[in-house]
Amino acid sequence: MARMGCAWSSSRAVVVIFLLLLSCMLEIAAEFDPYRVLGVSRSASQGEIKKAYKQLVKEWHPDKNKNPEAEDMFIKVTKSYEILSNEEKRANYDRYGQTDENQQYGQAQQSFRHFHESFYFDESFFHFPFKGSRDFADNKYLLNYNQYINEVVPDSFRRPYLIKITSDLCFSCIHIEPIWKETVQEMEILGVGIGVVDVGFERRLANHLGAHRTPSILGVVNGKITFFHYAVVREHLRQFVEDLLPQRLVEKVTDRNYLEFLNNWHEYNKPHVLLFDQVATVPLLYKLTAFAYKDYVQFGYVDQGLTETANLLKKYNINTYAPTMLAFKENADSPADIIQSKVMKKQIIDEFISNNKFLLVPRLVNQKLFDELCPVKQFHRRRKYCVLLITGEEEVFAVGKKAFLSFASGNTKEVLRFAYVNQRQQQPLCDILLKDRDGPLPQVVILERRNAAGKVLYKPVMGGWNGSEEDKHLLTEQLDILQKDPSVLNYDAMLPELNNELASMFLIQWLYAAYDYLTQIGDEILHNNWREMMPLLSLIFSALFILFGTVIIQAFSDSSEDKQSKPKAKEAAKSEDGSPGSANTSSRPPKKNFVEVTELTDITYTSNLVKLRPGHINVVLVLTDSSKNILLSKFAKEVYSFTGSLTLHFSFLNVDKHSEWMDALLEFAQDVMRIDNDEDDAGHKVDYTGYVLALNGHKKYFCLFKPVYTGEDLDSKPSEESGAAAASRSRIGPREEQQGARKPVPRARSTSTLQIHHKLDRLGLWMERLMEGTLPRYYIPAWPGLEKITANK
């Protein structure tokens, strides 16, 4: 009985605890009301719900609100918005009070499981939103605009950067967060730079990067931005980083090309590093290392699994069970350094490359190499002495270079650096160091740099350098004395900046960079982002279509103008001939397909002038019976280029029939006609032949063209149209000048003796000014009636 009582009491205690837990869960579930959390009514619209959510999520965000309850409140706000922003979830909650869409609605017998699972769902949900869409671990990678410009962009020339664009209100960012964390952990170990841009705080940087949506992932290499367009998978991100790097960083080396690869150290002035490994593709870590040290070292890769590399493995006694790295300098037969490790880590490789960045005796080809090889003295214990061989490029100096290299290879002192310069390439430097020394090349100079401005202390080694044992002994003595007494450097000078001997290779480097860029653009067009490239492609093809269409239209228009110019030239020649036959055959107006010119008579007067449509102008040529054919031909040629305008009409007026109409019209242009009246003598009447009128029937004004004086009087000042004489001076040709010299004609008779076919020489320019609207206008109260004053001939 005691045992049964004990069992009963213990089971009762379990039931009590269970009931307490259940009541707590029911209470929690009952307390959670998304409408109350967001502070909106049950009839609130989606706009009101969204507005309330944005305000509350900013107020309770844990990064901005230090209240201990901020995290819990932020969770509730986010959960409430998730339910109410989805119409199906909202309807389920309104109908059943459920917040989990996976429940069977309306089954009261499952209420316990419903509340339990609802509580569990809330618990699982609590793990991601309270940190926002951006994980707190990303805070150390956050970038601002100044950081990006001053740090990331310069550093992107040494390593690629992987940057994520996110925001606090980005729920899609949550899905990529686990993959992003794994990728960051892997890439950061390899040396890839990581960055995170929060659009809510760094809108300027996001616009600069061209990131207009979240989440986005992009890469930066050499200051160039490339967007990631594939599915966010770890393998895709890894391949994306690899594709960011230039193509020719690492050369594949086999038995056939290893000697050529190792022996071009003289051309590139760099050491060479070979990596031996079992994998067929070059490891990403090795590519990243090659990118970081591309200015110092040439990199090659040997696939140990190929039969084409068997001799190479045998020659250098490579252990195939672990990756091996060899560093070669001036001697291709023997590596200068070697490391071997089953796990090649970045720190090990960086240390290995840093210790082998320079040749034993590199050539000083630019100021950057000089600064790194011979740094400025900072402390007494860290001073560096540079032993410089000044030599020539000819083959006769090869023995001295080889001896200098042999001497440098035996050096074990860290304070000494050896280098050589070609006098022809670095003439200003050599002139200063060899000042007042007439000895032949090569020469050896020991120097120490004192400041970055170029000040050095130096001492030339007496006797020059021939590579003999005596020269080596003398140089060894000088170096021993220098380490004991630095004051032996008794000369000082200011060195100029070194010439950049690699500038000639800029074109090749630019071509390689252009090739990489075009390859990447082609890859993006063919595989990645059609949607983003479509506007650019549309613009390019539109421009090409317009250009091609313009060329075709221009070609056809030129051919048609050439065909029409031939009959015009023939007709003009016949008109200028003046023969009776030509006058008879050309007595009719020009053909309709050339220029349509109608005669202004009392029948056509109303339609062509008085009732002319608004905006239309009738250009009227004034002629006589005797000058009709010649002037009409000339008139047609001058106005042909303006026939495309729909507002211009062309007519002619016979002044033999309507001279009184001309007198009545030109009374309103007295300032123009006063010149002709002053020139008339003995009652001579004004000759209107060759005048051209531009008549605007609707607005009741006209513009006047007067014939050009062609140069019978050298002192005269011909004018193109009245009121604009200064803008239309005619030039006197040499032929007309000679005729004027032989036959002087009084000014008063210049118009009557003017050759008829030259009267309209300046009409084309006058027509251009008419179209521009810059001609003077003469307004009249009403058009004179043509039928009332027509004289019977």
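Tutor: C374 and C386 form a disulfide, with their sulfur atoms 1.7 Å apart; the term here means a pair of cysteine sulfur atoms within 2.5 Å. Keep in mind that this is a predicted model, where local features need pLDDT of at least 70, side-chain atom pairs count only at pLDDT 80 or more, and totals for chains, interfaces and linings use all residues. Residues are numbered from 1 along each chain as its sequence is written, and side-chain values use heavy atoms, with hydrogens and water left out.

The structure holds 1 disulfide. C374 lies in the loop between α16 (367–373) and β10 (385–391), while C386 is in strand β10, so the bond ties together parts that are 12 residues apart in sequence. Helices (H or I, at least four residues) and strands (E, at least two) are DSSP runs, numbered from the N terminus. C374 is buried at 3% relative accessibility, and C386 is buried too, at 1%. Buried means under 20% relative accessible area, exposed over 50%, and partly exposed in between (1.4 Å probe, protein chains only). C430 is also buried, at 1%, and so is C703, at 3%.

Now for the cores. A nonpolar core is a set of buried Ala, Val, Leu, Ile, Met, Phe, Trp, Tyr and Cys residues joined through side-chain atoms within 4.5 Å. The largest one has 64 residues, and V273, Y286, F299, M325, I353, L364 and L433 have the most contacts inside it. Helix α13 (residues 284–292) gives the most to this core, with 7 residues. Leaving out residues up to four places away in sequence, I353 touches V273, T289, Y293, V297, F299 and M325, where contact means heavy atoms within 4.5 Å. Apart from that core lies another, of 26 residues, among them L623, L632, F642 and M767.

M767 leads us to helix α28 (residues 763–772), whose buried residues are L763, G764, W766, M767, R769 and L770. The buried residues of α28 pack against β16 (617–623), α24 (628–639), β17 (648–654), β18 (692–696) and β19 (701–705). Just after α28, G773 takes a positive phi of about 80°.
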